[in-house]
Amino acid sequence: MPTADRETVTGLPPGIAAARDELTPMLSQYADLCAAHGDALVLFQVGDFYEAFCEAAETVARVCEVTLTERSDSTGDYPMAGIPIDNAGPYLETLLDAGYRVALGDQVEDAEQASGLVDRAVTEVITPGTVVEDDLLDAGTTNYVAAVAGGDGRSDDRTAEDAGYDEWAGPAGCDASVGLAAVDVSTGECLVTAGDPETVAGELDRIAPAELIVGPDAPAFDPADANRGWTTHDHDPGVFDLRAATERLEPYLPSPDRRFDEDAALRAAGAVLAYAEYTQGDDGPLSYVTRIRRYDPRDRLRLDAAAQRSLELFENRGLGASDTLFDVLDRTNCALGRRCLERWLRRPLVDPDAIAGRHDAVEELVDRTLVREAVGDSLAAAYDLERLVGRVSRGRADARDLRSLHATLAVVPELKAVLSGVSDETDATTDAGGADTEDADALPQSDHLRDLRGRLDELEEIRALIDSAIAVDPPQEITEGGVIREGFDADLDDLRATEREGREWIADLEARERERTGIDSLSVGHTQVHGYYIEVTDANRDRVPDDYRRRQTLKNSERYVTPELKEREDAIVGATERADAMEYDLFVDVRERVADETERIQALADAISEIDALASLATVAVESGYVRPEIVDDPDAGIEIEGGRHPVVERSEASFVPNDATLPRGSVTLITGPNMSGKSTYMRSVALAVVLAQTGSFVPAQAAELPVFDRLFTRVGASDDIAGGQSTFMREMSELTEILHDAGPDSLVLLDEVGRGTATTDGRAIARAAAEFVHDELGATTLFATHYHELTDLADRHDRVRNLHFAATRDDGDVTFLHRVVPGVSSSSYGVEVAELAGVPTPVVERARSIVAGEGRGATDDSSNTDADTPDAALDEFIDENTENVGTAGDMSGESSDPGGEDTRAAEDPPDLIADLRDLDIARMTPIEALNTLHDLQSRADDDG
Ligand SMILES: Nc1ncnc2c1ncn2[C@@H]1O[C@H](COP(=O)(O)OP(=O)(O)OP(=O)(O)O)[C@@H](O)[C@H]1O
């Protein structure tokens with residue numbers, strides 16, 4: 001989403017460009033770096049600051065809220081703004097949040113050693129999708145940059161095995177035409193897939209990259225959720241070229257052209273890696289991107305952005321409880337586990353065996369309390385291995401990082417022992433030793449857990465190497481000594497010994513010289529400029545021995561050196577410098593040796609992350625009373641939930657009422673009931689049970705039998721989706737269109753108040769037609785909450801349509817919601833009572849009651865609805881009538897299908913009333929707001945009349 005403003009300040013600022021021929025060498029260097037990074041804001045190191053000049057300075061000053069100053073030199077005055085390098089993090093984050101890409105033009109030679117202008121180069125381009133700095137990234141999250149490439153599908157007779165696909169179902173003949181690749185540069189995770197534009201759009205929403213690079217021939221993709229949107233821009237189109245992409249991929253994946261069945265996927269992968277390399281300073285392949293995972297989106301439960309959003313998986317929409325499903329599930333102990341759990345929840349499984357594998361593992365951890373708790377305790381000491389190994393491979397890790405890596409590796413033997421049940425009281429006698437002493441009975445019963453335990457590579461050599469090489473509590477700087485442990489390198493120890501002996505010799509010098517000279521006030525000291533000296537006061541100057549050489553004269557004393565002191569000093573300085581340099585070399589060598597094991601460390605990280613995610617699911621299951629769902633692998637199986645609960649709402653509702661759900665496969669269940677009675681909560685509980693079960697989690701219920709769904713669609717009512725900022729009727733209809741096109745027998749569909757965003761007659765008609773279509777044509781298992789009671793007669797005419805409703809009781813005019821679902825049709829809306837509960841002024845409530853009681857008698861247009869005579873149906877009628885009048889008079893929605901209903905009264909109404917009517921946005925109003933507004937308008941009409 002580059003803006004015009006951003007375009008002018010990335011690359012070469014116009015003010016610098018205009019003066020280019022006369023710039024000083026330093027600004028000329030700045031201009032060169034800017035020109036070479038046209039898509040970034042260049043921050044240029046000058047001493048301890050990163051500076052920007054001219055228009056770029058104005059931007060930095062404005063965005064980062066720093067002072068705009070001026071640099072004056074012989075060629076002119078240039079606006080300048082800078083941020084301190086020591087504390088650059090928060091400023092860089094602000095620039096990234098504002099959508100900028102920032103190129104760091106660092107001094108790449110020691111300013112003191114440089115003859116003339118210090119050499120500078122862009123060492124890193126920091127972009128929203130490729131940041132690697134820990135302080136710019138949230139812990140335990142993923143941060144992707146993605147690329148999309150267009151292109152025709154290529155089908156040939158290679159098998160998936162030839163192509164080396166891990167998960168690809170075999171694309172031969174499929175209509176894939178867009179390639180998508182995403183990399184998390186901080187961890188090295190790389191995902192590649194291909195599909196039709198709609199599938200890729202869904203995947204993009206699921207991956208939610210921070211940044212998207214669009215190939216020259218790729219369709220435009222806009223994020224479905226503006227809040228989680230990505231920055232889109234065009235990078236050098238050359239990186240999408242098939243040949244360039246193939247060459248780029250070769251270091252990562254031998255013979256890439258044989259590995260990708262889709263050119264578009266290959267081109268997207270090559271492009272995204274080219275971009276990632278570019279942002280990391282163009283130093284060649286990223287050695288820690290070791291596994292390029294190609295996958296078929298059809299191998300996961302497809303959960304698009306609308307579904308993720310309306311089910312509040314990761315984001316709370318401010319409706320009711322404040323947590324998300326992820327918050328509820330996240331009892332992980334380390335960043336690795338958290339990231340894994342998020343990945344799982346974004347892509348629930350569809351393979352019943354894989355689901356069962358996770359359920360078995362969770363069940364075992366549920367049953368073995370001590371093991372589960374001990375796993376948690378061990379993992380709490382684990383650092384973010386994925387990001388650590390990324391830094392090690394990039395050559396950015398410091399000694400503290402290596403120590404963190406060591407501390408994490410140290411967890412592994414303990415974790416293995418714990419998983420063998422060694423810490424389990426029942427198995428307390430089992431030997432904690434190596435594989436040969438393992439008791440097979442003590443190993444996890446679950447295949448998945450056993451496999452994960454087997455993948456816990458202890459990496460003993462690496463652990464031993466780090467432990468022997470790196471100081472236990474090393475400093476952050478790696479160039480100033482103190483990082484290598486004593487005993488690791490004999491030459492280094494010799495140098496440090498020389499240094500130490502020299503210092504000891506000097507420490508003893510004062511006493512020795514006092515004795516030799518008999519001068520009690522003689523002292524030995526050190527200054528940065530003159531080095532070591534022996535100081536003698538003027539009164540004792542005649543007692544100074546012959547070998548003292550004068551070094552410095554002070555007011556009342558003289559400073560000397562002796563040849564031996566000089567020699568010792570040189571030895572100390574020489575040894576210190578050589579030792580520091582040697583330590584740096586040794587450190588880099590150790591870091592490279594660790595980097596050589598990147599793949600093994602990443603594989604270990606994978607295993608740890610899954611164990612943590614499973615343990616988290618088990619902890620939640622135990623603490624929140626979830627049960628293992630039975631997965632029924634039968635295409636005709638429906639949903640059977642006994643005592644199901646909403647995992648998030650139950651946390652804030654002290655007395656949550658569990659409900660059953662029996663939904664035969666392909667059935668359409670219409671749910672009616674008063675406002676606030678629990679319809680939406682119920683529908684979401686069912687969908688969340690499906691999502692949880694397919695993620696591998698237990699579910700909040702007493703018992704559950706669930707089939708495996710392949711897609712989940714949600715369409716929630718306009719007023720429920722205002723937070724998304726897209727609650728127009730148009731959006732509602734386009735989401736409905738998507739469902740009606742794509743849902744099938746293996747889909748679960750939630751429709752919440754479809755049609756509410758327009759005039760009642762139209763809305764009701766659309767809702768009815770959609771329900772019929774879902775039932776007759778799609779065969780999708782569907783839950784449909786509606787206030788259109790007239791729809792419930794569908795059950796009389798269609799086999800698989802059923803009615804459920806939420807009951808409420810009225811006692812002395814007070815309404816109590818039971819939150820219990822029961823078969824059949826709701827007999828009342830209780831709209832007036834809800835209005836009263838919500839604090840609508842008493843006159844309005846009373847007036848509404850009298851209208852309901854007095855005016856509403858008569859049949860609705862659906863004569864089958866026997867509720868029509870009830871007072872509540874009369875209220876419905878009243879609201880309907882009045883809403884229709886409003887809709888036709890002002891035709892705000894433009895959707896009215898009732899031209900004949902054009903109200904002549906409109907012409908006679910006072911003009912300000914008409915204007916106010918026109919301004920109403922009915923699609924965004926709740927019934928209560930509508931009632932209030934109506935009352936207001938009516939009073940004004942009465943007054944005017
Ligand atoms: N089973 C339940 N047990 C206890 N409280 C519940 C239950 N279901 C819902 N609630 C409470 O009722 C509130 C309203 O629920 P919900 O939004 O599902 O109602 P609704 O029928 O969909 O309302 P509307 O028709 O106005 O959209 C929830 O925020 C929750 O606090």
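In which helix is K679 found? Select K679: its place is helix 25. Helices here are DSSP runs of H or I with at least four residues, strands are runs of E with at least two, and both are numbered from the N terminus.

**Before you go on**

This is a predicted model, in which local features need pLDDT of at least 70, side-chain atom pairs count only at pLDDT 80 or more, and totals for chains, interfaces and linings use all residues. Residues are numbered from 1 along each chain as its sequence is written.

**Stop 1: the whole chain**

Show the protein chain as a cartoon. It holds 34 helices and 27 strands. Of its 945 residues, 46% are buried. Buried means that 20 or more other C-beta atoms lie within 10 Å of the residue's own; exposed means 12 or fewer, partly exposed is in between, and C-beta atoms are placed from the backbone.

Now think about contacts. Two residues are in contact if their C-beta atoms, placed from the backbone, lie within 7 Å. Take the contacts between residues at least 6 apart in sequence: 70% of them join residues at least 24 apart.

**Stop 2: colour by confidence**

Colour by pLDDT, the predictor's confidence in each residue, from 0 to 100. The chain averages 82, and 84% of the residues score at least 70. Select residues 1–7, where the pLDDT is below 50. Beyond near neighbours in sequence, this stretch has seven contacts in the model. Then select residues 856–909, where pLDDT also stays under 50. For these residues the model has 102 contacts beyond four places in sequence. The model scores ipTM 0.98 and pTM 0.77.

**Stop 3: the ligand**

Centre on the ligand. How many residues surround the ligand? The shell has 15, and the closest are N675, G678, S680, T681 and H819. A residue counts as near if its C-beta atom, placed from the backbone, lies within 6 Å. Colour the shell by type: four residues are nonpolar, nine polar and two charged. Here Ala, Val, Leu, Ile, Met, Phe, Trp, Tyr, Cys and Pro count as nonpolar, Asp, Glu, Lys and Arg as charged, and the others, Gly among them, as polar. Highlight helix 25, residues 679–695, which gives the most to this shell, with three residues.

Return to K679. K679 counts as buried because it has 26 C-beta neighbours inside 10 Å. Its contacts, not counting residues up to four places away in sequence, are I671, G673, A785 and F806.

Step back to G678, in the loop between strand 21 (668–672) and helix 25. Is G678 buried or exposed? G678 is buried, because it has 26 C-beta neighbours inside 10 Å. Leaving out residues up to four places away in sequence, G678 touches F806, F817 and H819.

M676 is in the loop between strand 21 and helix 25. It has a positive phi of about 70 degrees although it is not a glycine. M676 counts as partly exposed because it has 18 C-beta neighbours inside 10 Å.

An unreviewed UniProt entry lists a "binding site" that includes G673, M676, G678 and K679. UniProt positions follow the numbering used here, feature names are shortened, and annotations may be inferred rather than shown by experiment.

**Stop 4: the core**

Nonpolar side chains tend to be buried together in soluble globular proteins. A nonpolar core is a set of buried Ala, Val, Leu, Ile, Met, Phe, Trp, Tyr and Cys residues joined through C-beta atoms within 7 Å. The largest has 216 residues, and those with the most contacts inside it are A146, V148, A181, A268 and V272. Helix 23, residues 598–624, gives the most to this core, with twelve residues. Apart from it lies another core, of ten residues, among them F817, A835, V844 and A848.

**Stop 5: a covered helix**

Select helix 18, residues 411–419, where seven of its nine residues are buried. They are V411, V412, L415, K416, A417, V418 and L419. What covers them includes helix 15 (369–379), helix 17 (399–409), helix 19 (447–454) and helix 23.

**Last stop: T232**

Find T232 in strand 11, residues 231–233. Then pick G99, 133 residues away along the chain: the two C-alpha atoms are separated by 9.7 Å.
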